[in-house]
2 protein chains.
Amino acid sequence: MSIVAVGSIAFDSIGTPSGRAESILGGSCTYFSLAASYFTDVRIVAVVGEDFTTEHEDVFRKRGIDTQGIEHAKGKTFRWGGQYLENLNEAKTDFTELNVFENFQPRIPKQYMDSKFLFLGNIHPTLQAAVRQEMNGVRLTGGDTMNFWINGSRRELLETLKVINVLLINDTEAKMLAAERNLPRAAQKVLAMGPEALVVKHGEYGATIFFREGAFGIGRHPFRAPALPIEEVKDPTGAGDSFAGGFMGYLASQEELNREVLKRALFYGGVMGSFAVERFGTGRLQQLTREEIDSRFQVFRELTHLE
Amino acid sequence: MSIVAVGSIAFDSIGTPSGRAESILGGSCTYFSLAASYFTDVRIVAVVGEDFTTEHEDVFRKRGIDTQGIEHAKGKTFRWGGQYLENLNEAKTDFTELNVFENFQPRIPKQYMDSKFLFLGNIHPTLQAAVRQEMNGVRLTGGDTMNFWINGSRRELLETLKVINVLLINDTEAKMLAAERNLPRAAQKVLAMGPEALVVKHGEYGATIFFREGAFGIGRHPFRAPALPIEEVKDPTGAGDSFAGGFMGYLASQEELNREVLKRALFYGGVMGSFAVERFGTGRLQQLTREEIDSRFQVFRELTHLE
């Protein structure tokens, strides 16, 4: 089943210990949609400026991604510049130019309205809620957020969390949102805010999914997927969004949404994140095959599988 | 088969968000031997002072641990005081009084010499090497070390690493030892120094074992064991030593040492670490049953197991 993804398209200027890249295609919606496109039909909602060319749009089209929801606005596309120094888990931002993204008002094309899956990328929680309300026929909504909204727009975010089924954030964000330093306790608090499941991304250590009691099956036990120990991380940008794309894309491709499916989705999230960091920008995500993906899924499985 | 463990016995004064405990039995050898005692016969080599009573020794005896190798010296036992504040992964040391531990010269009782497994706790690398040389009939030697020796006694440590089969350290130590920030690359460098396998402990994210090519079987693929998300960590002291005890104890209980056995050992390490933190000091490790351990092993297994 198709999935609608709302988020950012950006041009990134990135420095890592492996090199530099200037003004390459990026943004949460870009990584998410490319990763998800290997599992299901993806339809995106984003805004770009006049510097976004047909060539850029072809990156999406070649992966069969529906770009009708890309709004072309006057001005420049969102630009971000950052560097990963010693610690590849954390970027130092050089600059952020919101440009056309500053006044982004997501508009859902009519043709998208029959989608049963929705992913709300990291935008203002009020915009997330508005999209969710408009698409009130969806079966499952995934969402992302960040410290900026957790601290600055908490009240709005708490409203939005009531209509998000699966929230995907990192350790720091989960602890900040719950105001609780212990992760499993933080997870229980976040689940009490609305989501039926919480995916906490641990970067190079994988991810954990926590379930609200009774959601997607029986029990309250969490589940952990590993991350692949990668010898050469070229560029960590977009790893989290690619994780979300693999996770949500796999879910949207399944008939039933039970715990076993969500566990497998967690592994597929890790798989897509591991591909994303192998090259600068979206280089690797543009050229995968489903065979490569499933073969790496087996590697992930063996990474923690006991006979 | 029995295992000889060399390391420290200490009295710890610990503060955590859950409370305080003064002068309780601790030390690397204590946590290690208690954890290992649920899997195999354990014989310890350590030094204590005049403040170490029969009551303290009974903690070991009750678990069937051979205490003939405990040297009773004039003076006070090693004392450590520390606090875990917000971050339960890292202790802030209040004081360290080495006392009798300062001049510790491990002496292996003759009766211990037929042991086929050896664990060299975190002591000066030259002392570790001397013990290993004396016990030259062992089948497998595990070892620990720390930043203090990595930076301060590097040459001696590199010599010792040549005779250690499995090194168990944490992320920071592995990266420091290899002078390399990327973990899998750091692991390859450490394995080139001598060990056939390297266990890297990630605290609340579990552990990874890296194998030298051809060691314990075929392939170079690492393996990851998760850690249990624990809602109430009372006292993290000794978690790493308990991990090592579970890991080495399980190995010593097995006939064959192949990759599958080392993988299971990694899970048992995590299991024992997870018990250790549930109460202050060694409280939980003194009173476990093998049934409780195996039942938690199943929980760990399910934590990452896909159907």
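Biologist: In what order do the strands of the open sheet in chain A stand?

Modeller: Start with the general idea. Strands of a sheet pair through backbone hydrogen bonds, either parallel or antiparallel. In this predicted model, four strands of chain A form an open sheet, ordered S3-S2-S6-S7, with mixed pairing. Strands S3 (19-26) and S7 (91-97) of chain A stand at the edges. Each has a single partner strand, so one side of each lacks a neighbour in the sheet. On average, neighbouring strands are turned by 15° against each other, direction ignored.

Biologist: How many bridges join S2 of chain A to S3(A), and which way do the two run?

Modeller: Strand S2 (residues 10-16) of chain A is joined to S3(A) by six bridges, and the two run antiparallel. Look at Thr16(A): opposite this residue, in S3(A), stands Gly19(A).

Biologist: Now the helix. Which residues of H5 in chain A are buried?

Modeller: An α-helix has 3.6 residues a turn, so residues three or four places apart point the same way. In helix H5 (residues 154-161) of chain A, the buried residues are Leu157(A), Thr160(A) and Leu161(A). Seen down the axis of H5(A), they fall within an arc of 100°, so they line one face of the helix.

Biologist: What do the buried residues of H5(A) pack against?

Modeller: They pack against four elements of chain A: helix H3 (125-134), helix H4 (147-152), strand S10 (166-170) and helix H6 (171-178).

Biologist: What rotation superposes chain A on chain B?

Modeller: Two copies of a chain are related by a rotation about an axis and a shift along it. Here the rotation is 180°, with 0.0 Å of shift along its axis and an RMSD of 0.0 Å. That is the relation of a two-fold axis.

Biologist: Through which surface do the copies meet?

Modeller: Of the interface residues of chain A, 100% are also interface residues in chain B, so the copies meet through the same surface.

Note on methods:
Residues numbered from 1 in each chain as written. Chains lettered and ligands numbered in written order. Predicted model: local features only at pLDDT ≥ 70, side-chain atom pairs only at ≥ 80, totals over all residues. Heavy atoms only, no water. Pairing = 2+ DSSP bridges. Axes fitted to C-alpha atoms, helices over the stretch in contact; angles between N-to-C directions. Buried < 20%, exposed > 50% of the residue type's maximum accessible area, 1.4 Å probe, protein only. Arc of directions from axis to C-beta. Contact = heavy atoms within 4.5 Å. Least-squares fit on C-alpha atoms with pLDDT ≥ 70 in both.
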